[in-house]
Number of protein chains: 6
Amino acid sequence: MDRFKKGLETMKDYVADDTLKKMVESDALADIAPDLRKMIIEFAYGDIYSREGLGKKKRALVVITAVVTQGAAPQTKTHITRGLHAGLTPKEIVEALLQLVPYIGFPRVQNALTIAQEIFREQKLSVK
Amino acid sequence: MDRFKKGLETMKDYVADDTLKKMVESDALADIAPDLRKMIIEFAYGDIYSREGLGKKKRALVVITAVVTQGAAPQTKTHITRGLHAGLTPKEIVEALLQLVPYIGFPRVQNALTIAQEIFREQKLSVK
Amino acid sequence: MDRFKKGLETMKDYVADDTLKKMVESDALADIAPDLRKMIIEFAYGDIYSREGLGKKKRALVVITAVVTQGAAPQTKTHITRGLHAGLTPKEIVEALLQLVPYIGFPRVQNALTIAQEIFREQKLSVK
Amino acid sequence: MDRFKKGLETMKDYVADDTLKKMVESDALADIAPDLRKMIIEFAYGDIYSREGLGKKKRALVVITAVVTQGAAPQTKTHITRGLHAGLTPKEIVEALLQLVPYIGFPRVQNALTIAQEIFREQKLSVK
Amino acid sequence: MDRFKKGLETMKDYVADDTLKKMVESDALADIAPDLRKMIIEFAYGDIYSREGLGKKKRALVVITAVVTQGAAPQTKTHITRGLHAGLTPKEIVEALLQLVPYIGFPRVQNALTIAQEIFREQKLSVK
Amino acid sequence: MDRFKKGLETMKDYVADDTLKKMVESDALADIAPDLRKMIIEFAYGDIYSREGLGKKKRALVVITAVVTQGAAPQTKTHITRGLHAGLTPKEIVEALLQLVPYIGFPRVQNALTIAQEIFREQKLSVK
């Protein structure tokens, strides 16, 4: 299987079908950097996420942690959403964010929890 | 149970008995900031690591990811060691680090893998 | 005194009474992570801010510097506001931000000054 | 030539005449930190950008890379705009951002490309 | 007074006479970037540290906080040393570092305390 | 041409023949993460560095800037060395680092200049 197909296949574990369909049909950066989406699909998903030896929920958790630690807001929204799709529960996501407090401090955790809250409300999910 | 005891109890999931014994008997920063160790045990372990809703291997993974993303070398060594004690396999740790490449770039991943390699060699562990 | 009470007591040095009252009555993250506010009050304020050996204005300055250096915008607003309440003058805050230029560069200082300006205007404070 | 004049002179390589005129006539932070603009003109432009030994396009590229790596959004907009004025092509800017993917990861590159796209559209520039 | 002289004069508040004498007589980077030292003296000390409106101990505290938050180890050593010379007590420095725990997390604070401890030992200072 | 070959071919612009030969013959991380080197060659060099639209000296400059801004010491050494091989002069590298002072502050620039100095001495290069 080529890397692009493998990437798209792997993305199904993290992205809902309709969202994925939209991503394939319309690329927001198509006019200036069409290769970025290709790289994300081929390299991030085709080469990396698809590897064996670590479960998809743990991979999602690692990526959420990285973008929260960097303070990257748009990606925090994207990857919490993908983590939920991969099977992480809202509770696990909240606990992972609280687990970060002693290591990255309150500010970035608080910002990430605010983003998580918005996603949970949109998806009518509760933390229990 | 008080927070300090609860913290020490929780640390047993992440730290080998003899290392924990040494930590309790001798605190490297005792002469200038004895409260730091107390805070780590009470707050990080007693209040946070001990929470329910996320397994200990996932907590360890979240912490490893945070310190690697920050580029904090001494803590990368500490928390990979604790992650192994918590039950993460060398393979899972390597995969988690490779999963970070698309999100934090090669440099910090490469530095963390070099630290992981050193720990695996000391503990005669192989990645498979 | 228990840690929560001590934390609330300490917060009075940094937060106006009506703001504190609102914080206690309504917690924005109550539905997903009620413990975060508890940790901030008990750990950040009850355990840390309340310590002896460093004045409250200097503590506020340290925290403002940390969040500005991290580029954490919402916390920059929060902690400049708290620094003013703790007794820092607008002049001292502006000087502290300019003092950062040689160490963190113009971009984050400029962003923080823009936030400070907004707060000073809301509170009708001038820098002199 | 004094440092302020030299700074303004150097800025002409990076900033359009009408924008520069506006910057000189009205300083957004004049009421709280009038010295910041003075420092940027005298130190950043008068002392540093004006140095010999590195071309203006390369200087612009270095600054764009620094602010993108820091994740500083307002400055990313400012310095991509200045880079275009200094003679970098939209293509060179896009390529520089893609070149960052292996070193800082997708998130900050994606955010920077979105900002670049907005600037290119405003200026009716295409990437070819 | 010219900026270089003003910078050297201001540095006396932060640097011991014999250290300053050595810095002036021998510049470690003289063969590749002699202007860096000049910029530090003229810009950092002559233009910024010398400003009015914030005391020298507070300026030192702001700079220590910035370099600790960045995780810049050599500068942490330099600026804790300068802070002591400016009149900060070992106790104030330790308290400032502990105050950072809730905002930047344990790892960078622990690394900074280890550096502080080394300086205090060299200077035979105790924390009380 | 496959991505690995293309990557190796591209690396020749940045890495001396004997160093490249050693890299191919012996991979320091071979026992725990043999795929990392493969990814660096295929993705970083095969997919990215090999792209058109930005010259190799500018690509090297962008990468040097990114790792210096992150404060990643081992990679600063690697990429200054590769930048010299790609044709950047010692002068251009020093100027690029000084250009960063207003954007990332003195500390990381000073650390990077110290690393550059060491490389220039090893290669008996002078800055002029």
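**Figure 1. Polar contacts across the interface of chain B and chain A.** In this predicted model, 12 residue pairs are in polar contact across the interface of chain B and chain A, both residues at pLDDT 80 or more. Three helices of chain B each give two or more residues to the side that touches chain A: α3 (34-49), α4 (56-70) and α6 (90-104). By class, that side of chain B has 19 nonpolar, 6 polar and 8 charged residues.

**Figure 2. Salt bridges between chain B and chain A.** The count here is 6 salt bridges. One of them joins B:E95 to A:R51. The closest N and O atoms of B:E95 and A:R51 are 2.9 Å apart.

**Figure 3. The area buried between chain B and chain A.** In chain B, 33 residues are in contact with 33 residues of chain A. Together the two chains bury about 2,900 Å². Carbon and sulfur atoms hold 68% of that area. Which residues of chain B lose the most area to chain A? They are B:K58, B:Q99 and B:Y103. Together these three make up 23% of what the chain B side buries.

**Figure 4. Helix α3 of chain B.** Helix α3(B) has 16 residues. From its first C-alpha to its last, α3(B) reaches 21 Å. That is close to the 22 Å expected at 1.5 Å a residue. The buried residues of α3(B) include B:L36, B:M39, B:I40 and B:I41. B:E42, B:F43, B:A44, B:Y45 and B:G46 are buried too. B:I48 and B:Y49 complete the buried set of α3(B).

**Figure 5. A buried glutamate in chain A.** A:E42 is found in helix α3 (residues 34-49) of chain A. Is A:E42 buried or exposed? A:E42 is buried, because its relative accessible area is 13%, under the 20% cut-off. Which residues does A:E42 contact, leaving aside its neighbours within four places in sequence? They are A:R3, A:F4 and A:D47.

**Figure 6. Chain C against chain E.** In chain C, 33 residues are in contact with 33 residues of chain E. The area buried between chain C and chain E is about 2,900 Å². Carbon and sulfur atoms give 67% of it. In chain C, the residues that lose the most area to chain E are C:K58, C:Q99 and C:Y103. Together they account for 23% of what the chain C side buries.

Figure 7. How many salt bridges are counted between chain C and chain E? The count is 6. In one salt bridge, the side chains of C:E92 and E:K58 meet at 3.0 Å, N to O. The interface of chain C and chain E also has 12 residue pairs in polar contact, both residues at pLDDT 80 or more. On the side of chain C that touches chain E, the elements giving two or more residues are α3 (34-49), α4 (56-70) and α6 (90-104) of chain C. The residues of that side divide into 19 nonpolar, 6 polar and 8 charged.

Figure 8. Helix α5 (residues 73-86) of chain C has 14 residues. It reaches 20 Å from its first C-alpha to its last, close to the 20 Å expected at 1.5 Å a residue. Which residues of α5(C) are buried? They are C:Q75, C:T76, C:H79, C:I80, C:R82, C:G83, C:L84 and C:A86. After α5(C) comes C:G87. The phi of C:G87 is positive, near 115°.

Definitions and conventions
Residues numbered from 1 in each chain as written. Chains lettered and ligands numbered in written order. Predicted model: local features only at pLDDT ≥ 70, side-chain atom pairs only at ≥ 80, totals over all residues. Heavy atoms only, no water. Contact = heavy atoms within 4.5 Å. Buried area = accessible area lost by both parts, 1.4 Å probe. Salt bridge = Lys/Arg side-chain N within 4 Å of Asp/Glu carboxyl O. Polar contact = N/O pair within 3.5 Å; in protein donor to acceptor, adjacent residues only side chain to side chain. Helix = DSSP H or I, 4+ residues; strand = E, 2+ residues; numbered from the N terminus. Nonpolar A, V, L, I, M, F, W, Y, C, P; charged D, E, K, R; others polar. Expected span 1.5 Å × (residues − 1). Buried < 20%, exposed > 50% of the residue type's maximum accessible area, 1.4 Å probe, protein only.
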